[in-house]
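Please open the structure in a viewer and keep the selection tool at hand. The tour below moves from one selection to the next.

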Amino acid sequence: MAQIGTDLDKTKTILQNGGLVAVPTETVYGLAGNALDPEVAAKIFSAKNRPSFDPLIVHVLSVERAADYVEELPEKAKRLTEHFWPGPLTILLKRKPIIPDLVTSGLDTVAIRVPAHQLTRSLLEVLDFPLAAPSANPFGYVSPTSAEHVNQQLGDRVDYILDGGECLVGIESTIVSFENEVPRVLRLGGLSVEDIEDCIGDVEVNIHSSSKPDAPGMLKSHYAPEKAIVLVDEFNPQSLNDFSQIGALMFSNYAENIPQENQFLMSPEGDMNEAARRLFSGLRLLDQRKDIHTIVTDFVPNEGLGRAINDRIKRATAKS
Ligand code: TXA
Ligand code: MG
């Protein structure tokens with residue numbers, strides 16, 4: 001288990017010496033290291049068991065710092081960053097050579113974002129390098145939204161966990177590519193498509209899922225708990241009178257037949273932001289309940305952050 005705390009000096013020293021630290025962001029916790037050091041990038045991939053074809057996001061303090069690592073900021077990207085940075089937005093831009101190949105898995109673009117969590121911003125202020133940080137979970141599993149979540153799974157693989165409390169957004173950043181004339185959303189996340197389009201006009205949403213993606217990070221089966229998880233509509237109980245070992249992850253209303261003490265409502269009030277914030281912790285809670293062997297879930301209304309939640313539910317319930 002790793003030490004958990006809020007010691008920025010200690011965190012800085014570990015990172016300067018090539019170590020790994022879990023850091024809070026407003027979306028999910030990241031597994032962070034010096035983004036300019038290829039050996040550190042290699043450590044990150046191996047700590048997560050992550051295939052090397054799946055590139056990392058580089059975290060910087062400001063749009064000015066981002067300019068140190070990317071060739072140019074197209075007009076629409078500039079407008080988006082002015083509106084939504086710091087925040088749950090990641091943009092893909094042509095990288096400068098200072099970014100190691102391993103960080104981008106050899107691609108000529110780099111994913112870059114300015115996180116909003118104050119503790120991690122204070123950390124970035126005292127570092128003279130950016131932080132490469134994928135979500136701090138083993139590859140394929142649900143992302144962590146608290147320091148405790150990180151400790152449970154990667155506690156023996158990080159040198160320290162910087163504790164910033166529960167993540168306020170709760171779902172990963174939205175990824176937007178500017179390679180084409182029309183910007184493309186490659187991952188739905190904590191910034192809604194509606195908000196993006198209000199700012200820069202129409203975008204394409206291109207989040208194809210497949211088991212061998214052409215753009216990385218779009219694996220069909222992902223964000224999955226260890227237990228069987230199925231959609232309500234596809235759930236076939238062996239016997240209609242034994243629901244005691246079935247759990248349910250629902251939006252605002254309980255599922256029929258399943259005991260209420262086995263159910264987790266993402267937002268009893270039907271608030272989509274609250275649902276996003278609680279999605280992953282609910283999934284973990286049910287995954288850890290020893291008396292539950294199957295989790296049933298259902299899609300939420302497909303608007304705002306609901307689209308990102310539904311994307312995660314789709315991938316969690318997909319057969320690998
Ligand atoms: O909210 C977040 O984005 C969190 C926090 C920690 O910042 N990070 C995160 O990182 O979710 P990760 O590694 O779990 O997901 C990053 C995604 C991956 O699916 C990866 O394939 C994609 O970003 N990605 C990174 N660089 C890319 C690139 N150059 N081209 C296409 N996709 C890229
Ligand atoms: Mg991830």
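Select helix α4 (residues 75-84) together with helix α7 (residues 193-200): their axes come within 10 Å and cross at roughly 120°. The axes are lines fitted to C-alpha atoms, for helices over the stretch in contact, and the angles run from 0 to 180 degrees between N-to-C directions. Helices are DSSP runs of H or I with at least four residues, strands are runs of E with at least two, and both are numbered from the N terminus. α4 is therefore oblique to α7, where under 35 degrees counts as roughly parallel, over 145 as roughly antiparallel, 65 to 115 as roughly perpendicular and the rest as oblique. The crossing of α4 and α7 is right-handed, that is, the near helix is turned clockwise from the far one by less than a right angle.

Next, display the side chains at this crossing. α4 contributes Lys-76, Arg-79, Leu-80, His-83 and Phe-84, and α7 contributes Asp-195, Ile-196, Cys-199 and Ile-200; contact means heavy atoms within 4.5 Å. By class, the contact of α4 with α7 has five nonpolar, one polar and three charged residues. Here Ala, Val, Leu, Ile, Met, Phe, Trp, Tyr, Cys and Pro count as nonpolar, Asp, Glu, Lys and Arg as charged, and the others, Gly among them, as polar.

The model is predicted: local features need pLDDT of at least 70 and side-chain atom pairs count only at pLDDT 80 or more, whereas totals for chains, interfaces and linings use all residues. Residues are numbered from 1 along each chain as its sequence is written, chains are lettered from A and ligands numbered from 1 in the order in which they are written, and side-chain values use heavy atoms, leaving out hydrogens and water.

Now move to Ser-173, in the loop between β8 (160-162) and β9 (174-177). Ser-173 counts as buried because its relative accessibility is 2% (buried is under 20% relative accessible area, exposed over 50%, partly exposed in between, with a 1.4 Å probe and protein chains only). Its side chain and that of Thr-90 are joined by a polar contact of 2.7 Å (a pair of N or O atoms within 3.5 Å; within protein, one must be able to donate a hydrogen and the other to accept it, and residues adjacent in sequence count only if both atoms are side-chain atoms).

Ile-57 lies in strand β4 (residues 57-59) and, at 13% relative accessibility, counts as buried.
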